[in-house]
Amino acid sequence: MNTQPPPSNPGGAYVRPKDIDNRATLGQRIAWRLETIAWDLIYWAPMKMLGPDKASDFGGWLVKKIGPLFSQHKTTKRNLRLAFPDWSEAQVEETALAAWENAGRTAGELPHLPKIDPYTSGRVEIIGLDVLDQINTSCKGAVFVSGHFANWEIMPAAIVKRIPHAVMTYRALNNPHIDKRIADLRHDYGTAVNAPKGIGTRELMRALAKGAPVALMNDQKFNEGIAVPFFGHLAMTAPGPTRLALKYGVPIVPVSTVRTGPARFRIEFHTPFVPEDTGHPEADIERAVQRITAFIEDQVRAHPGQWFWQHRRWPKEAWREAGIS
């Protein structure tokens with residue numbers, strides 16, 4: 001097993017982009033404090049008292065009830081109509097509610113992550129451990145890619161607990177106090193080696209240069225990315241994971257997570273592939289990004305109620321062209 005130390009951020013020290021905090025007004029800072037008090041008293045403490053299964057069930061029930069009251073419900077249903085044009089309105093509504101339930105379950109499970117250890121809790125089935133071990137023993141690094149499936153906090157722990165020097169990326173929350181609480185939770189869960197998006201690119205490059213694997217989500221809208229088909233409609237997609245794999249000549253490893261019950265999951269490390277390097281970088285990048293996006297689409301089609309449909313993955317033009325109001 002590769003026993004190299006983490007390439008950076010020893011001990012998983014909390015690192016936060018400074019630009020968010022520097023832009024904050026006094027009113028914003030007061031609001032952050034009030035949000036944090038509510039987070040601790042109304043959300044975190046009650047969920048913590050329930051235990052993993054009941055917290056998952058309660059979070060799923062609650063968010064399934066209140067999610068449709070938010071504007072994101074309209075976005076969710078527009079996205080579903082675009083992706084599944086043959087579905088009835090009943091199917092769209094049912095899946096939209098399932099997506100809210102999944103989001104609520106994820107929130108309910110968050111305080112209990114240390115009890116959902118991928119290797120010792122009995123709550124997580126892992127398929128493809130041989131892939132993970134091959135990456136570890138190769139000492140050449142890899143780029144793990146995945147999406148916001150089921151509870152997306154589980155997958156990083158499955159990697160880092162097997163390959164401790166792997167580097168994960170995350171998106172920092174605006175509220176620094178809640179962001180720090182989640183960072184501490186991830187530390188307790190074993191995913192302390194993190195690189196926040198925006199300031200983490202150098203960390204990722206440094207890791208790969210030293211033969212350590214990195215992991216990134218590759219299913220969100222990225223305006224500066226490239227347009228590739230997703231459910232038959234062009235969606236701006238980040239080329240960063242593919243660029244890193246090409247630059248360092250390492251494989252891309254697709255990873256999926258499926259919810260199999262309250263606070264129970266199945267993680268699969270799929271067959272790695274090395275992006276083709278023909279000497280035409282832009283074409284090579286686009287081809288690999290399309291392959292990753294096709295993988296994401298396959299996973300979403302298999303479990304449509306377990307993906308994060310609430311975000312605006314496609315531009316409004318795609319909805320208009322499809323006649324979706």
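Is Asp40 buried, partly exposed or exposed, and what is its relative accessible area? I looked this up in a predicted model. Asp40 has a relative accessible area of 26%, so I logged Asp40 as partly exposed.

**Entry: salt bridges**

I searched for salt bridges and got 18 in the structure. I took Asp40 and Arg181 as my opening case. Their side chains meet in a salt bridge, at 3.0 Å from N to O. I then checked where the two residues sit. Asp40 is in helix α2 and Arg181 is in helix α8, which covers residues 176-189. The pair links distant parts of the chain, 141 residues apart. I also looked up the cover on Arg181. Arg181 is partly exposed because its relative accessible area of 34% falls between the limits of 20% and 50%.

My next pair was Asp57 and Arg105. I found a salt bridge between these side chains, 2.8 Å from N to O. Asp57 lies in helix α3 and Arg105 in helix α5, so the bridge ties together parts that are 48 residues apart in sequence. The accessibilities came next. Asp57, at 35% relative accessibility, counts as partly exposed. Arg105, at 14%, counts as buried. Asp57, Lys64, Glu101 and Arg105 are linked in a network of salt bridges.

I then turned to Lys77. Lys77 forms a salt bridge with Glu93, and the closest N and O atoms are 3.0 Å apart. I placed Lys77 in helix α4 and Glu93 in helix α5, 16 residues apart. Lys77 has a relative accessible area of 18%, so I noted Lys77 as buried; the cut-off is under 20%. Glu93, at 27% relative accessibility, counts as partly exposed.

**Entry: aromatic pairs**

How many aromatic pairs does a search of the whole structure find? I got 15. I looked at Trp39 and Tyr43. Their ring centres are 4.8 Å apart and their planes stand at 75 degrees, so I recorded the pair as edge-to-face. Both residues belong to helix α2, residues 26-50. They are four residues apart there, so about one helical turn separates them. I checked the accessibility of each. Trp39 counts as buried at 16% relative accessibility. Tyr43 is buried too, with a relative accessible area of 16%.

Phe84 counts as buried at 9% relative accessibility. Phe231 counts as buried at 5%.

I traced the ring pairs around these residues. They link Phe84, Trp87, Phe230, Phe231, Trp307, Trp309 and Trp314 into a cluster.

**Entry: charges over rings**

Phe230, one of the cluster residues, came up again here. The charged end of Arg313 sits over the Phe230 ring, 5.4 Å from its centre. I noted another case at Tyr248. Lys247 lies over the face of Tyr248, 5.6 Å from the ring centre.

**Entry: nonpolar patch**

Which residues make the nonpolar surface patch of about 680 Å²? I listed Leu50, Phe58, Trp61, Leu62, Ile66, Leu69 and Phe70. Phe58 has its place in helix α3. I looked up its cover: Phe58 counts as partly exposed at 38% relative accessibility.

**Entry: Ile178**

I finished on Ile178, which is found in helix α8. Ile178 is buried, with a relative accessible area of 9%. What does Ile178 contact, leaving aside its neighbours within four places in sequence? I found Glu35, Thr36, Trp39 and Leu173.

Definitions and conventions:
Residues are numbered from 1 along each chain as its sequence is written. This is a predicted model: local features need pLDDT of at least 70, side-chain atom pairs count only at pLDDT 80 or more; totals for chains, interfaces and linings use all residues. Side-chain values use heavy atoms; hydrogens and water are left out. Patches are made of residues with over 30% relative accessible area and no salt bridge: like charges are joined within 9 Å, nonpolar side chains (Val, Leu, Ile, Met, Phe, Trp, Tyr) within 5 Å. Accessible areas come from the Shrake-Rupley method with a 1.4 Å probe; for residues, only the protein chains shown count as cover. A salt bridge is a side-chain nitrogen of Lys or Arg within 4 Å of a carboxyl oxygen of Asp or Glu. Helices (H or I, at least four residues) and strands (E, at least two) are DSSP runs, numbered from the N terminus. Buried means under 20% relative accessible area, exposed over 50%, partly exposed in between (1.4 Å probe, protein chains only). Rings of Phe, Tyr and Trp (its six-membered ring) pair if their centres lie within 6.5 Å; planes under 30 degrees apart count as stacked, over 60 as edge-to-face and the rest as tilted. A charge sits over a ring if NZ of Lys or CZ of Arg is within 6 Å of the ring centre and within 35 degrees of the ring normal. Contact means heavy atoms within 4.5 Å.
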